[in-house]
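User: Hi, could you walk me through this structure? I would like to take it slowly.
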Amino acid sequence: MSQPAPFFKTLLARPEAVLLFVLVAELVFFSAVGRNFNTADNFANIVRHSAEIGLLALVMMPIILTGGIDLSVGSLLGLCAVLFGVFTHEWHIATPLAAALTLVVGAAAGGLNGGLITGLRLPPLIVTLGTFSLFRGLAEAITKGTMTYKDFSPAFLALGHERALGLPYQGWLFIAIAVAISVLVHRTTFGRSFQAIGFSPEGARYAGLPVQRRIATTYVLAGFVAALAALVFTARLRQARADAGSGYELQAITAVVLGGTSIFGGVGTVGGTVLGVACVAVLTTGLKLIPAIALQGIGSELGSLLTGALLIFALAGGVLAKSLAARRARRQSLAKPQPQPIT
Amino acid sequence: MRALKEVSFDLHAGEVHALLGENGAGKSTLIKVITGAHQPDGGRITVGGVEVSQLTPARARALGIACIYQQPALFPDLSVAENIALRLEKTSAWQRVRWAEIARRARELLQRIGAEIDPATEVRELSMPEQQLVEIACALGAGARIVIMDEPTASLTQKEQHLLFAVVRELRAQGVGVIYISHRLEEIFALADRVTVLRDGESVGTNPVAAINEASLIRMMVGREVSAIYPPAESAPGEVVLALCGVGCAAGGVRDVSLEVRAGEIMGLAGLVGAGRTELARILFGITPADSGEIILHGRRVAVASPRIAVAAGIAYVPEDRRRHGVILEMPIAANMTMAIHPRLFPGAWLRFGAERALALDYIRELAVKTFGPEAPGGSLSGGNQQKVALARWLATQPKLLILDEPTQGVDVGAKGEIHKIIRRLAKDGLAVLMISSDLPEVLGMSDRIAVMRGGTIAAMLPGHSDAHTVMAAALGQPGKAAA
């Protein structure tokens, strides 16, 4: 949390401290074992390959903070990629305008999720499971399952391939969105409401907070950034396909939860999410650079296996640390002075 | 706090024994002890002349003790016969289901209590009283000798009540002992053989119904001294802040409520549990908006459709359920205190941690909240201090009308006195206060006027210096007889 609050320190510092340790361990290990791991090119490569999932994780975080979930962001990425192709190739709209239109469609699709969840009070898991299929199905219907859009303008493709100050463009985009989300969550009343809703939706309502509007905001934001990720994806692969972003939603959720955000809502930081994204990105890319693994071609399989293990160990470790802290607190409370009125 | 103190209670076979008492007098606790849900920490329980120790729910059932609750706990998708069979039969997993036997037994049990219900009906198609009858049939089938009925008529119509009474009389004729809990005095006189009154966890007395009248029953229920000392009223009520004209909400069971609360006035809202007091507060705060009538605040009609609108209009509500609604336990005290004033304290939605901390420290001082500091989570405080945080959140909104729902429930004596002083001070400063309380001495000691609710509407409007007897009589719906 942005304030120096001992409560949040004890509650949140732990999972992040563990993650930082894991990240450093990964970097040291792959530097020693991996081929060409410690190069600027490889670093750029890691950023390129994880920017889209990273973006989705950043907007998944506020949703999970409110106690919700969005399974549809990966499918929406696919739909937006295809729509961007339609806008540029079939409707012959200029690229900047097509990109803007794609972002609007993404936000509207997020609004559909948010509207169903808050308007009809349906569970987020069910609504976004529905739109998960709906968005992907639409994308496949538009491309009839086979068509891909290619030949985008070079200026647009630069988004996926050029660097500025050594960092790929999408890396800068990720940083910008991370800062924006972090400010939103930790420095504004929006984030405060997300947290209150995550801890107790009823309690937030009794405090007069605009609970439904705040919840809807998180899904609109997710839709908008999913569209942004679709543009990045299209620029990186130089093509727009209906299967773009398949399974990304689960990887984004993994990064958020790994980053210390409670799946039950209320607890979490954007910084933790960034660390979670970095841990997964370095792990999955680094494995492919170990000669023995690269030779067998099992890098991505091993990557998802170890990501899963990391998630479970991080959560188990967090629970363990919490119970140890609770035990220590109990012991200390025996000697602790009673609270006095502040005068 | 002891919920029960040395209560003696006996029940004969073939008797209806009524149990009467105010909210919190210990009726529920006594029932929990009898059904084995709670372990008594002293005394003896004897069933059929045999002393039982270590009563558990399972052993209580085996001894023939059954409890019929207001909300029957049946499986709605199964038939009546299946529900009865599930309760009664100890079957192994692979035993064949004998449908004919199950239906025959259900029909027999339902006939025994004179209920005309087809055993093949799905329970979801039954009305509430019919479901209660199924519960009673289950109890009989399990060989119950003692049947406890906890306010069984609370949601019944007149006709359904008569049906239920007939069943209770039938049970009595068959030699079953019935413990009958009700707030409705007329039922007790119509049905019971003896009545025991509980007050503050103690038995005030057991009398044959034939030897007692309603007035003396009410006296037994309330007859205690106002022990706590309440701060004296200092304010003279000013202009009308809140006026309600025929306000109702079908979903909340509130109808045709009209009252006025003035600036500087503490209006006590008394009544029994289920009389519609919290429901009225929820209407005023926009949680379950009114569907009829007018809410007028400072002469202007307000459509309170949501808590946000209520807050904007200057209505503040400190809810009854502090831990679920009043305070977010996981969040810091400061965040809790500023939660209802985000737009004012944080212009442009930017959090200002310095201003928040300063405001929290002010209220911590002003209300003497015992805490390590504004960053401590709400859950780290005692009940009374949590209540002060909930109060601070709403005082920060500078409301015109403050609704307090059981402001001192579960609060220790010291904090209770402090909260009373705070409420008085607020009234003196010109706030209109609507105070819901089940604590009769509190209502009497704090209120300038007392509105008594019964059956979802205002049953009586009494002056603040009324006595406990009058208020309780109005809450029970016996104003004429009680005054005699």
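This is a predicted model: local features need pLDDT of at least 70, side-chain atom pairs count only at pLDDT 80 or more; totals for chains, interfaces and linings use all residues.

User: What is chain A built from, in helices and strands?

Analyst: Chain A has 14 helices and two strands. Its radius of gyration is 21 Å, which is close to the 20 Å given by the globule rule for 343 residues, so chain A is as compact as a globular protein of that length. Taken along the principal axes, its C-alpha atoms fill a box of roughly 70 × 55 × 35 Å.

User: How much of chain A counts as buried?

Analyst: Of its 343 residues, 51% count as buried, and the accessible surface of chain A comes to about 15,300 Å², with 69% of that belonging to carbon and sulfur atoms.

User: Can we zoom in? Which residues of helix H6 in chain A are buried?

Analyst: Helix H6 of chain A covers residues 154-161, and its buried residues are A:Phe156, A:Leu157, A:Ala158 and A:Gly160.

User: What covers them?

Analyst: The cover includes helices H2, H3, H4, H7 and H10 of chain A. A:Arg236 has its place in H10, which runs over residues 211-237, and among the contacts of A:Arg236 beyond its neighbours within four places in sequence are A:Gly160 and A:His161.

User: Is that arginine, A:Arg236, buried or exposed?

Analyst: A:Arg236 has a relative accessible area of 13%, and because buried means under 20%, A:Arg236 counts as buried.

User: Which side chain does A:Arg236 join through a polar contact?

Analyst: The partner is A:Glu52, whose side chain is joined to that of A:Arg236 by a polar contact of 2.7 Å.

User: Back to chain B, then: how many helices and strands does it have?

Analyst: Chain B has 19 helices and 18 strands. The radius of gyration of chain B is 25 Å, close to the 23 Å that the globule rule gives for 484 residues, so this chain is as compact as a globular protein of that length.

Key
Residues are numbered from 1 along each chain as its sequence is written. Chains are lettered from A and ligands numbered from 1 in the order in which they are written. Side-chain values use heavy atoms; hydrogens and water are left out. Helices (H or I, at least four residues) and strands (E, at least two) are DSSP runs, numbered from the N terminus. The radius of gyration is taken over C-alpha atoms; the globule rule is 2.2 Å times the number of residues to the power 0.38. Buried means under 20% relative accessible area, exposed over 50%, partly exposed in between (1.4 Å probe, protein chains only). A polar contact is a pair of N or O atoms within 3.5 Å; within protein, one must be able to donate a hydrogen and the other to accept it, and residues adjacent in sequence count only if both atoms are side-chain atoms. Contact means heavy atoms within 4.5 Å. Accessible areas come from the Shrake-Rupley method with a 1.4 Å probe; for residues, only the protein chains shown count as cover.
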